[in-house]
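Hello,

Here is the structure we talked about passing on. Please open it alongside this message; my notes follow below it.

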Amino acid sequence: MLKFLLRRFANYLVLVALATTMGYFLAATSLNARANYEGRNPRPSQTSIDAKLNELNLNNHTPVVKRFTRWAGDFVRGDMGKTFDERPVWGEMKQRMGVSLRLLLLGSLFGAALGVAMGVIGAVKQYSFTDHFTTAWAFVLLSTPVFLLAVLLKFGAVKYWNAHVPDSVHLYYVGEKNPGLTGTSFVLLRDRIAHLILPTLGIVLGQVAFYSRYQRNSFLDVMGSDFLRTAQAKGLRRRTALIKHGLRTALIPMATFFAYSFGLLLTGATFTEKIFGWHGMGEWFIDSIAKNDINVVAAVIVFSAVLILIAGLIADLLYAALDPRVRIR
Amino acid sequence: MEVLREAEVLDPDHETGEIISRGRLVWRRFLRRKSAVAGGVILIALFVVAFAGPHLTRWQYLDQDLSNALQGPSGNHWFGTTQIGQDVFARTMRGLQKSLVIGLLTAFFSTGTAAVVGASAGYFGGWVDRVLMWIVDLLLVLPSFLIIAILSPQFRGKTWLLFVVLLAAFSWMITARIVRGLTLSLREREFIQAARFMGVPSRTIIFRHLLPNMSSFLIIDATLNVGGAILAESGLSFFGFGVQPPDVSLGTLIADGTPSFLTYPWLFLFAGGLLIVAVLAVNVMGDGLRDALDPNSSAVKARTRTK
Amino acid sequence: MTLDLPAETPTGRVVPGTPGAVLEVRGLTVSFPSESGTVTAVRGVSFALSPGEVLGIVGESGSGKSVSSLAVMGLLPSTARISGSIRFQGKELLGLGDREFSELRGEGMSMVFQDPLSALTPVYTVGDQIAEAVRIHRDVGKDEAKRKAVELLELVGIPNAKERSRAFPHEFSGGMRQRVMIAMAIANDPDVIIADEPTTALDVTVQAQILEVLGTAQEATGAAIVMITHDLGVIAGFADRVMVMYAGRPVETGTVDDIFYRPRMPYTLGLLGSLPRLDRAERQPLTPVDGNPPSLVDLPPGCPFAPRCPMRLSVCLELEPDLDPVRSGDTPGPGLHPGHRAACHRHREIEEQGLTATDVFPAQLAGEPPVARRPRESRTAVLDVEGLVRRFPLTRGAVFRRTVGTVHAVDGITFDIREGETLALVGESGCGKTTTINEILTLARPQEGRVAVLGRETTGLDRGGRREIRRDLSVVFQDPMASLDPRLPVADILAEGLKTYGVPREKRAARVRELLRLVGLGPEHASRYPAEFSGGQRQRICIARALALEPKLVVLDEPVSALDVSIRAGVINLLEQLREKLSLSYLFVAHDLSVVRHIANRVAVMYLGRIVEIGDVNKVFETPAHPYTQALLSAIPLPDPRKERERRRVVLEGDLPSPADPPSGCRFRTRCPLFATLAPDKAQRCIDEEPAVASQGPDHGAACHYAEVKTVL
């Protein structure tokens with residue numbers, strides 16, 4: 001088993017390397033770092049621009065392949081280059097990764113757990129009010145882009161929640177915490193949570209909708225299966241059979257969806273960070289494209305490719321854990 | 001739908017009875033889904049409004065009514081005006097047009113590519129399959145959002161059709177995998193084998209037997225892709241990576257409206273509302289189509305088979 | 001076995017329960033809403049089961065037999081509308097809630113389903129699943145239940161039961177899974193076991209094993225069994241009483257001997273007459289039952305079989321006959337044996353005149369093609385296969401795929417087919433017969449050995465050469481539903497081959513009409529889609545397509561096994577007529593040896609990728625020399641209760657070994673009854689040396705070191 005996991009891992013690693021290479025080439029040819037300096041006032045001299053660009057490995061007059069070799073060489077040694085502000089990319093990336101991972105972890109955990117639960121309820125009570133209600137909301141949420149949902153959440157929080165429910169937690173929509181706040185750790189935690197709710201909702205809702213749809217379909221398929229009939233023929237009551245034999249089996253396809261949904265989640269997190277002013281990887285990406293900051297863009301590409309790889313591996317492991325048919329003895 | 005499934009299982013010979021043509025049966029099933037019908041009607045209505053709407057008002061989407069800047073909805077400016085006096089209704093209609101057209105075109109190209117790539121990979125197998133699926137895997141490792149955002153400087157000042165091509169180019173992969181999975185099972189079906197053993201050329205088999213037999217799935221997928229494409233388009237446009245000014249789409253309108261969303265909500269609420277309604281209509285219709293065309297195999301089945 | 005029963009009552013009327021009956025069903029009616037209207041799947045079924053009795057319910061698909069049994073178990077979907085009465089040990093079951101019903105299920109009544117793969121939960125071990133069945137109804141601990149599960153697995157004949165109980169269903173073969181299902185069904189000593197087509201998905205030798213296990217299970221529990229099947233052979237040897245169902249109703253019921261030797265309802269006559277007989281040397285004409293079972297939506301008045309019945313009168317179309325006693329002495333009344341009953345207005349005539357299937361149904365028997373009258377040696381070979389080998393890499397795992405070995409699917413087989421001849425390739429699943437025909441049909445260079453079609457070797461063929469051969473070689477597949485592109489009208493389907501070979505449009509249309517006529521369809525069928533045809537008609541279209549380019553050799557891959565029994569005979573007759581008329585040669589692949597005996601001239605028996613016996617069909621069937629052939633023939637149930645009672649079965653042990661790791665020497669030795677009796681020095685030869693096909697007389701060869709003729713039929 002371990003051998004095959006390793007082989008699978010190697011395959012993923014090659015994919016990540018290639019994807020990163022491709023991403024670097026695209027970014028390095030598409031983004032023009034020189035324009036940033038040329039647009040400055042007063043305009044620096046051509047030689048000083050070139051010198052600066054060469055130092056940062058951003059000179060578009062250097063052949064792309066050469067720039068890439070240098071970047072890749074540095075990368076292997078653990079150096080991801082410098083940002084435009086001439087700070088090491090890795091240093092900032094460490095902080096920002098933490099921010100993004102908090103959001104992504106919460107999003108995928110809550111999203112999958114709540115989504116699966118809602119899907120099962122919808123399937124078991126097919127055509128009931130609960131089913132229609134959750135289905136309708138799942139559709140609305142799936143049809144709402146994350147950025148719009150984020151804006152609407154802000155809108156709702158400010159106009160209604162904070163305005164009309166004054167005694168409750170005040171919901172913040174900018175940043176991760178109030179910078180000046182001091183006090184006990186409880187106060188600080190409470191502040192954190194008050195900042196966390198809206199952005200997390202912003203990505204969890206979409207994930208819940210996504211999982212609940214697929215789980216519902218998967219469960220409905222299982223509900224018509226022969227083995228469920230066998231379980232009942234043994235003397236299990238329908239409800240027990242559904243939970244004990246149905247749910248376990250209906251979860252299997254979800255492992256695959258985990259991998260698919262992760263890409264979606266990553267994109268969603270980008271919007272959420274940007275809109276709620278979280279200084280994560282997504283926000284960094286958007287800002288650095290505007291700044292033509294190729295090294296940062298490359299770093300984000302590495303980050304997302306590695307995350308998708310990890311999600312893929314987790315999905316494989318989940319699949320093997322859930323389905324004895326794919327396990328290797 | 002469960003009722004139908006059971007009846008078929010319990011009475012496999014029921015088709016020997018009264019014969020209803022497939023088209024009519026599908027239509028009947030579709031009509032029974034009230035929400036799906038509503039989705040279809042709304043979608044058509046949106047198209048009509050998007051293209052006829054601009055002719056109903058005297059304002060063009062770039063006109064500036066400077067004396068009435070930043071006003072709320074009124075008889076003159078139905079959806080209000082922007083900071084520089086542009087008519088929000090005219091702009092929203094223009095944006096809706098763009099979003100809908102981009103959605104349709106992208107879905108068409110994306111599903112088309114997926115069908116050809118997936119069917120070829122599945123049918124030919126061997127190295128064709130390995131190479132194509134490897135490309136799919138590679139593209140799946142990079143979220144399309146990142147790639148298009150990176151490439152966005154390239155199409156600044158160029159036609160939005162380029163944007164459509166990009167959107168389509170990075171959204172066909174998952175569908176292609178499913179099509180490949182369907183092809184793998186169809187390929188073993190006897191009617192394909194019969195054609196092969198009769199000496200029918202591969203291209204004919206793919207286009208005459210394989211793809212038509214998954215047309216249900218392709219239609220459903222294309223429909224749902226319209227929604228996905230509209231969402232992707234608006235998301236990219238929201239950050240300025242999509243439709244470029246002076247042209248507008250629902251995404252850019254929302255982006256323009258959000259900074260002042262608390263004080264001047266009409267700037268984004270109409271565009272936002274229409275965006276949700278449009279995508280919702282498409283999704284609901286797609287779901288209804290799936291039930292009507294393909295009552296026995298949900299997308300779940302198709303998808304799990306692909307891995 | 002005799003049973004006191006009150007008279008048949010009209011649907012709905014409540015009658016007092018029969019004393020002594022363990023299960024009693026009265027006037028059971030089940031209907032479902034569907035797209036095209038209400039489907040009445042069961043229309044008044046009544047029977048009573050005494051303890052320990054075996055009732056066989058026979059019917060074709062859609063006859064309502066499975067729905068009835070699910071209704072008895074309370075397992076129908078909630079959309080079903082059920083009326084009538086179902087009493088278990090005198091207790092009315094209709095109207096019970098899920099809780100009360102579930103206390104009965106698995107405890108008093110249990111069920112064995114048809115498809116043992118999908119009927120077991122894939123994610124739990126078989127031991128756990130059986131233990132669960134025990135724990136639902138018995139207050140025992142986990143370990144105790146597990147121990148009981150192992151005991152049950154031993155009872156149903158699973159070797160290393162303790163170890164195997166920790167395996168998952170997918171690690172079991174089909175036969176083993178069905179044993180697990182039976183173990184689960186008898187876990188709580190039920191009084192009634194309902195077996196719904198328990199052997200349909202299995203090979204014949206495995207079927208024989210499972211029937212034996214069911215017998216053991218019955219002995220162990222003393223349960224009454226309701227055996228539902230479409231296979232009259234299975235019923236003949238297993239049941240005490242039989243109920244024949246058609247269009248949701250019983251049309252004839254009686255003891256097995258009544259049904260098999262004195263059928264009095266034309267449908268039963270037709271069913272029995274349409275079965276080719278394994279045990280008869282001279283070819284019997286088969287009686288095809290024309291037409292199709294009716295749709296169960298808005299059934300017209302009258303006897304549902306009337307449209308297909310050659311004996312119908314005008315009254316048959318107006319009034320549905322009751323299930324009446326066949327003999328007037330058996331007048332119904334309380335306290336009488338239910339006797340032999342038939343639902344036919346003319347059953348008295350059939351009784352009095354002693355009519356048989358051939359009297360009622362038009363039967364034909366086609367002759368041989370003219371060329372076949374010449375001696376075999378002087379005819380040219382249309383197919384010549386020599387030492388053909390096909391191996392596949394064996395991969396495992398869906399997520400973690402890897403190659404773990406080589407499957408020897410076909411391992412050096414040799415045979416030929418002469419003009420106008422039919423060779424049947426028989427064997428159980430996994431024996432390599434499908435791989436063999438795929439190798440022939442792809443016309444690719446074989447991995448080893450050679451294949452020559454009409455004298456041209458496939459090795460070294462270029463595209464053009466292959467194209468030419470394809471004209472002369474065509475194929476008909478097993479599943480007529482899957483064989484026709486559902487999106488094309490019949491005319492396009494038939495014309496596809498013609499188009500590929502550049503036949504001009506006008507000629508194509510004429511040829512399509514001709515083909516349709518040839519297979520007994522009309523030109524008006526050309527514009528219809530496959531979905532508008534019944535299974536038998538679709539198979540006729542497949543045959544027409546295969547004939548479109550006037551081939552010399554047609555490969556028939558199980559052409560009738562997916563069809564209902566009453567439809568089969570018509571297709572077999574058609575194939576025989578076409579062979580005579582068009583001087584065709586057939587390579588007929590089948591697992592049904594009765595059909596083979598009827599249609600083939602020669603037969604080759606395959607086991608694990610090798611031919612173990614080959615030769616003239618009568619010689620192989622009457623004087624089989626290979627122990628496998630003997631076991632195979634002996635495993636096939638005959639539709640003849642008396643013969644079945646007298647027959648001694650050779651039941652093979654275990655399952656087919658993996659073709660990835662075949663036994664050394666003779667591949668059959670691990671299951672061979674002869675090998676088991678050999679002295680060690682003699683047996684060593686079977687282990688060391690692989691036997692080659694050796695002559696057993698003119699046109700008869702067997703691959704066994706100690707071949708010995710043994711009559712098993």
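Predicted model: local features only at pLDDT ≥ 70, side-chain atom pairs only at ≥ 80, totals over all residues.

Chain A has 13 helices and zero strands. The C-alpha atoms of chain A fill a box of roughly 85 × 60 × 40 Å along the principal axes. Chain A holds 329 residues, and 47% of them count as buried. Take the contacts in chain A with a separation of 6 or more: 74% of them come from residues 24 or more positions apart.

Next, the contact between chains A and B. It takes 41 residues from chain B and 41 residues from chain A. On the side of chain B that touches chain A, the elements giving two or more residues are α1 (2-10), α5 (126-141), α6, α11, α13 (266-293) and α14 (299-306) of chain B. The largest share comes from α13(B), with eight residues. By class, this side of chain B divides into 26 nonpolar, nine polar and six charged residues.

Now the inside of chain B.

- Helices α4(B) and α5(B). They pack at an angle of about 145 degrees, and their axes are 7 Å apart. The crossing is left-handed. From α4(B) come B:V117, B:S120, B:A121, B:G122 and B:F124; they meet B:G126, B:V128, B:D129, B:L132 and B:M133 of α5(B). The contact has six nonpolar, three polar and one charged residues.
- Helix α7(B), residues 160-169. Its buried residues include B:F163, B:V164, B:L166, B:L167 and B:A168.
- Helix α8(B), residues 173-187. It has 15 residues and reaches 20 Å from its first C-alpha to its last, close to the 21 Å expected at 1.5 Å a residue. α8(B) is mostly covered, with 11 of its 15 residues buried. Among them are B:M173, B:I178, B:V179, B:L182 and B:L186. B:R177 and B:R180 are also on the buried list.

On to chain C. An open sheet of four strands runs in the order β2-β1-β4-β5, with antiparallel pairing. Which strands stand at the edges? They are β2 (37-49) and β5 (91-92) of chain C. Each has a single partner strand, so one side of each is left without a neighbour in the sheet. Strand β4(C), residues 81-88, is joined to β5(C) by two bridges, and the two run antiparallel. In this pairing C:F88 stands opposite C:K91 of β5(C).

Last, two backbone points in chain C. Most residues other than glycine have a negative phi. C:D189 has a positive value, near 45 degrees. C:D189 is found in the loop between α6 (174-185) and β7 (192-196) of chain C. It has 13 C-beta neighbours inside 10 Å, so C:D189 counts as partly exposed. C:E558 also has a positive phi, near 50 degrees. C:E558 lies in the loop between β19 (553-557) and α19 (565-582) of chain C. Is C:E558 buried, exposed or partly exposed? With 19 C-beta neighbours inside 10 Å, C:E558 counts as partly exposed, because a residue needs 20 or more to be buried.

Best wishes

Terms used: Residues numbered from 1 in each chain as written. Chains lettered and ligands numbered in written order. Buried ≥ 20, exposed ≤ 12 C-beta atoms within 10 Å, placed from the backbone. Pairing = 2+ DSSP bridges. Contact = placed C-beta atoms within 7 Å. Nonpolar A, V, L, I, M, F, W, Y, C, P; charged D, E, K, R; others polar. Axes fitted to C-alpha atoms, helices over the stretch in contact; angles between N-to-C directions. Left-handed = near helix turned anticlockwise from the far one by under 90°. Expected span 1.5 Å × (residues − 1).
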